[in-house]
Each structure stands twice: as structure tokens, then as C-alpha cells.
Amino acid sequence: MSLQDALDRMRYDPGFMENVTAWERLPPRPARYADFPQKLDPRLISALRDLGTAPLYTHQAAAIEAALDGENVVVVTGTASGKTLCYNLPILQTLLTDPQARALYLFPTKALSQDQAAALSELLQRLGALGQMHVHTYDGDTPQSQRRGIRGEARLLITNPDMLHTGILPHHPRWFDLFQNLKWVVIDELHVYRGIFGSNVANLIRRLKRICRFYGSKPQFILTSATIANPKELAERLIEEEVRLIPADLDGSPRAEKHIIFYRPPIVDPELGIRRAYTLETTTIADRFLGVDVQTVVFARARLTTEVLLGYIRDTYEQAGGDPNAIRGYRGGYLPLERREIERGLRQGKVKGVVATNALELGVDIGLLGAAVIAGYPGTISSLWQQAGRAGRRSETSVAVLVASAAPLDQFVVTHPRYLFEGSPEHGLIHPDNLAIIMRHLRCASFELPLEKGESFGGFGDVTEILDFLVEEGDLYFSSDRYHWLADAYPTESVSLRASSDDVIVIQDSSQGRPVVIGEIDRATAPNLLHDGAVYIHEGRTHIVQKLDWENALANVQPMELDYYTDASESVDLKVLEVFDADETSSARRAHGWVQITVLATSYRKIKRYTHETLGYGTIDLPPRQFETSAYWLWIAPDKVKELEEAGVLLAPVDYGPSWPQARDLARSRDEYRCRQCGALERDGQAHSVHHIRAFREFGYTPGENQFDRLANKLDNLITLCPTCHQRAEATRGTRSALGGLSYALRNIAPLYLMCDPRDIGSITEVRSPNTKGPTISIYDRVPEGLGLSERLYELHYDLLSGARDLIEGCRCQEGCPICVGPVGPGGQEVKQLTIQLIEALLGNSQ
């Protein structure tokens, strides 16, 4: 059977089609060619003809012509459109005519670097120039014994931003030939350089250009990107020079027929609006393709989901008679050799299916895939089309299926398919002038070359004031109108370019006596994935974490056959440090500013595979993680709070009566200050919650009229719970409030207005905030130092409220569900209507 047979079966299967919200057929598109640019060297034209890659597509010809005319260029075309030639040809032409010329290629991952080196070598071989133009990759995997030789002979140096940052710029005298003769810099996968990573790389480019000026060179830039809303703006912000855009409508590459299917899992509980687990539906759909021998990639949003899906799909494939080893996983944390082996297996066809995070979203060469199944909306339109593009990269019919999770954003996009087919992709946003980021890179720059008094640092301008501060801090010293680095250590060692720190936890299997390293995880996510007792899944194999040595960054695991996985919970605390702007003129007050976020992993659940039932709980005892970032918060004016409480829209703070303080302390003492659910011990002076087993309100206590508080606060009606378990208990009871419903809706629609990844933001709901003294909803940038998203939310304040109302009113549920105000239990039947009333009251006359 073929892919077309599988598609026909799906089309004529009523059980499948009733859950399909859209099925689009993208027709094949013929190639559009253009003449070779007049300035292009005939030797290159001849080599292209020998390779079978002539003539050029329209976008290739336009990009090469602009580059040969001396312009900086950004090329924005689809997956597998031949963007590589857009920079290889003008660069090789320069290197053919100037024997001293050098070029620097920057790729965001090592795998992309390896692919590019292979493609360049093939082209150089056709040119007969392999001996004349030495191509070398230079990254963390490059043996020390080869590094000196590479520095001396490389004319085409392929590396990544991290290596440029730590291994090249700080040692620029050793790279004299490169920097003195640097003519070209290539920045591939521009769309990756957003947020904190992009902001850091923009400052890295400032440092690179500063070193080049010192050696007398001024390189030209060529950038390539997947489709984003602002490629020219992002490119110019990154390199701080004017850039010529080669837009997607110039893309002349051919495209085979492609089917795009949006699938919404069936409802299993109509009352609560609960749908079948999207992981199980993804497994079933992937099996349809694998069962007819269609090579398939399955994308998941998180590492844990990737491993869970890998296990499900392997089991299904093996039950159908397939080799489970033909289904592989691919994600961050796998060792480099593992990843190269999987990529090779995909190209050779030995690997039939791969379950991956967005680590496989970039243009790593994995050959011809027939199907892509996307488990959950990846968060951005750009990522969705990147992942869909991993299938059908050559010439045959392909299919991409988006399987929506229960998240409101997923449900919105699959029920509004025009948003994805016709909507603009997201903006690539960076904030290179963030003061904390600038300060770090100025430390690095001063080590590389002393900074002059009054010197400008890229588009930031004069940095004298910051340098004087660094002198006061003892990082620099000032002498002869120059600022010099003072410390012995390289400053780059303490500066990470990426949101996830270079500080990693190494995972080792100690079951065989001698420890064997099997993976690594960045320290920021380790508390959730590598705590003692966690199930760590690697390539579908389950391991128990025996001990996480936090200080020495080492996790010891033991392989074990298990029928469950673990899922950690964390508590988040927000403290306002500085208010940048505020508006208290309406009932829905707003502000944005600088905050400190404290994240503490508290407990974990054991979840049975397939049924997803909770088998038990465990505690996590690790230090909290703190970072500073920007936030937007909305709070309700005191007079409006009183009015809404009297109307029953907002829940007034509960008066638990005079017997409560003693009863609460007795309950905590009886439970030995541990959560009765997961066993977590109180720490850092923060008391656990005490929960009423039978809800306090049911006892009918009225201050001054009766003493029913004594009945409600009896010790046998109380249980000590940590914040996470208490929140879970309240949700089970159905005590979601209108404030909680509004927070849920705002958090889930904000990414649509920001055009950002949902994982870029977090939220906190407080019935009484210590900052505002009233009901407050805060949305913060999850990236340390912030991305500038909160300022935009501040500006979108009323649009967000209107959008939340539209989302809730447009939902077809009766009383609230995971798509609008969040899951509603038996005690929360009025939450949907109360949330709408709350929004109407807050919007007032502002509409």
C-alpha cells in the first residue's frame, strides 16, 4: 500500500472524518527558473550543471545577484527550496578570485554544520578546488589536536554562535588570518534568533564586527530564514545594517502535492467537554502511516511527551509485527553520536519513524519523509509550517496532520483553520539593548579588546556610563582613557547565549558498575525531570533517578521496566521590584514592570501509561530557581471589587471564624508539617495550606450569629496540603472562580495577540495580591531578563479582555470547559457566566 491508499482510507472512514476540522490539498507547484547572474563565475555555472542543480530558481538568482552587487541579503523561502546555494555561490566566487579571502558560517546547531560541510565539499570537488579552499567545522566536538591546524588553514569556517562566543572571539589573535580577511558571514535559520537567544546573538555580532574593524575588515552578511512576519526587520536588528529582502513570493522551487489535515480528538465526556487524550490519537494516526511503510516523523512539544509517545508508537508498531528499533526518539539531551546515528538511519531508510521535539524542526538532512504528525499545536504558525515541511521535502505526495490537544489555543486554531492557512506568521522579537544583556557582553568585549572612553557599542551608542559602573563593581579598571578587563577568568565562561543555561546536569547509568553517560539536561528543567524518584525516559527506555547530586550536576539513574511515568508540579511566586508604568483610571487597572520570579518544584505524580490514571505522589526537595524578568498585571479597583462581591460574581475572602488560627496550627502539627497527599515538607518558612475535606461554606457559618465555624474547623475535617496539591484539590471540587476563569482565558489568548510562543509567558492569579491588595492576574515573560512582551500586553489591555470574552462566549459548552475558562468540577457550574459578567464589568465604558 502507498501513502495515497492510506489517505483514501482516512477520507472514507466516518469515524476519522467526523473529527477532522479541515483537510486542505496543496496542489503541486512547478519550478520557476531564472538566468544565471551575469557576474557569476563560469566555473561555478559549470559545477552546478555537473551536479544537476542548474538552472537556478528565481529566488536563488535574485539573492546571488544582490550579494554579488555588494548588498547584505536575507532569503525567506520554504523548506528544501535550495537556500544553501544563495550564499555558497557568491562566497565561493569571492574565494576563487581572492586567495586570501575567508568566510564564516554560523549555524544554530552542530548537526546543521555537519550537513553544510558535506554539501560544500561536494561542490568544491566539482570545482576542483578542495585543496585550494579548506572547509572546516569548529565546535565543541572538534578535537584539540586539530584546532591549531584549522585556525591556520580554514578559508570556510563553519561554527555556531556558542563557539564564536567562547572559543573564537576571546582568542582572536590566534585567528588573525580569519579576521583580517573576513569577507562574508552567513547566518542560517534566522527565525531561530528570537527572544533571549537572538538578543544575545545580536550583541555577539556587535563584538564580531568590533574585532573585524580592529583587523581592518568589513564582512558582508547573508541570512536565511523560514517564513516569519518581519524577516527584514529582524535581520537588520541582528546585524545593525541595511538588508535586501528576497521574499517568499520569489520562491521558485517546485513543490509536490501535500495534504494538510487538522484533527480534533473525539469528546469522551460531553458534560465536562473532555476529549480523548491527544497522545493516544496521535499514536493511532501515526500507526496508519507506519502500517503502510510510510516513513513518518511525529513532533511533540516537550521532552516528556516525546518519550511517552515514543513508547506508545513503538508498542503499536511491534504489535503489528514491526521492528520496534525502527522507531526512534530525537530530542535535546541525547548525546551527539546518538543524534547523528538517528539522522543517518532516517536518510538510509532504516529508521521508519521518529518522535521528536522541535530539535528536528530545523533543516537537518533527514531525507525523504512521507508523513508528519504534529502532536499539539507547536505554539507558532512559523513552527507549524516548519514541522509540516519536514514531510515531502523532495517530489512525492506527502501529508501533515495536526492533532489538537485540549489546550484552548489548540482548540482555537483547529476550529479556525483560516487563522493558520491565511494568518500572518509570528514576529521574531529581540531586545539587544536590554541592560543586563549589554552589561554581560561589554565584559566580554573588554576582555577581547579594551574599550575606549566614549566608544559606541553597536546601535546602543555610548556605553561610558555602563563601563564606569563595571569599574565600580571591580570587573574593569580605567587607565589612559581605556577600560580594561580586570579578572583572571574569561568572562564568556559565565555568559550563556541561550535561554536554557549552558550549565547542564549529566545523566549517567550506574547499573553496570562503571557509570555510563547517557544524556544531559539543562539545570533549569532538571528539578522537574531529574528529581529523586523521577522516571527518566531515554529513547523509550525507562530509568529511575536514584540520586540527583545538585551541587555536582550529576544524576544517577538505573534502567527499570515501568508501566508509569512521572509528572512534576511547581509553585511560582512573583515579587514586584519596579513599576515602569501604571493606569488606575478604570475598574480594570493595569501596570507593567520588573519582577522577581521564584519557581519551586514541589511534588510529582506517578501516571499510568495509556490510562493516564494517577498511581501515587512523591515529594521533590531541591532549591528554588529565581530570575528577574518583566511582567504585566491587571487588578480590580477596590470599589468594583466590593460591588462584584455583593453581586456574587467574585468570591469574597472567606471568614473562617475565631477558631480557625488554632485549628490550622493543630492540623499542621498533627500532619508533622507535611503534605498529606504527596509528603512534601514545609520549608523556607512557608506554611502549607490547610484544606477543609467538606467545604467550609457548606456549614453556613455567619459571624456574630452562630458558631458553625467550630464544626467546620474540627480536626477530622482538616488536612494539610502543599500549595500544588491544594490547588489540585480545589480544582477537583470545582471551586474555580470567575477570577480564575478570566486568568485562564487571558493566559491562553495572549500568545495570539503577541504572536509569540505560548511557552514564552507564564501567569499567576492572586485573590489578594501583596502588591495591589486586590484580585490580581499577572502575566510574565518566562525568559530571564524579559523579551519586552509585558509592555505589549500593557498596551493590549482592553483588547485582551475583549478577546477573552469572545473566546468564552464563542465556546459551545454550557458551564465551562478546558477550551474557555478551564476544567470545571461539580461545584463550579456557574463559572462560565460569572466570568463573562466579570469581563463585562471590567470593560464598562471602555468598549
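**Helix packing and burial in a predicted model**

Strand E4 (73-76), strand E8 (182-187), helix H10 (195-215), strand E9 (220-225) and strand E10 (244-246) are among the elements that cover the buried residues of helix H11. The model is a predicted one. H11 itself spans residues 231-239, and its buried residues are Pro231, Leu234, Ala235, Leu238 and Ile239. Around the helix axis these residues take up an arc of only 110 degrees, so they lie on the same side of H11. Just after the helix comes Glu240, whose phi is positive, at about 55 degrees.

Helix H22 can be described in the same order. In this helix, made of residues 660-670, the buried residues are Trp660, Ala663, Ala667 and Arg668. Their arc around the axis is only 130 degrees, which places them on the same side of H22. The cover over the buried residues of H22 includes strand E31 (689-692) and strand E32 (718-721). Just after H22, Glu672 has a positive phi of about 55 degrees.

Next comes a pair of helices. Helix H25 (residues 738-754) packs with helix H27 (residues 797-810) at an angle of about 110 degrees, and their axes are 9 Å apart. Angles of 65 to 115 degrees count as roughly perpendicular, and H25 and H27 are therefore roughly perpendicular to each other. Their crossing is right-handed. On the H25 side, the contact is made by Leu742, Ala745, Leu746, Ile749, Ala750 and Tyr753. H27 contributes Asp799, Leu800, Leu801, Gly803, Ala804, Leu807 and Ile808. Sorted by class, the residues in the contact of H25 with H27 are eleven nonpolar, one polar and one charged.

Glu153 belongs to helix H7, which covers residues 144-153. Is Glu153 buried or partly exposed? Buried means under 20% relative accessible area and exposed means over 50%, with partly exposed in between. The relative accessibility of Glu153 is 34%, so this residue counts as partly exposed. Which residues does Glu153 contact, once its neighbours within four places in sequence are left aside? The contacts are with His134 and His136. His134 is 19 residues from Glu153 along the chain, and the C-alpha atoms of the two residues are separated by 6.5 Å.

Definitions and conventions: Residues numbered from 1 in each chain as written. Predicted model: local features only at pLDDT ≥ 70, side-chain atom pairs only at ≥ 80, totals over all residues. Heavy atoms only, no water. Axes fitted to C-alpha atoms, helices over the stretch in contact; angles between N-to-C directions. Helix = DSSP H or I, 4+ residues; strand = E, 2+ residues; numbered from the N terminus. Parallel < 35°, antiparallel > 145°, perpendicular 65-115°, else oblique. Left-handed = near helix turned anticlockwise from the far one by under 90°. Contact = heavy atoms within 4.5 Å. Nonpolar A, V, L, I, M, F, W, Y, C, P; charged D, E, K, R; others polar. Buried < 20%, exposed > 50% of the residue type's maximum accessible area, 1.4 Å probe, protein only. Arc of directions from axis to C-beta.
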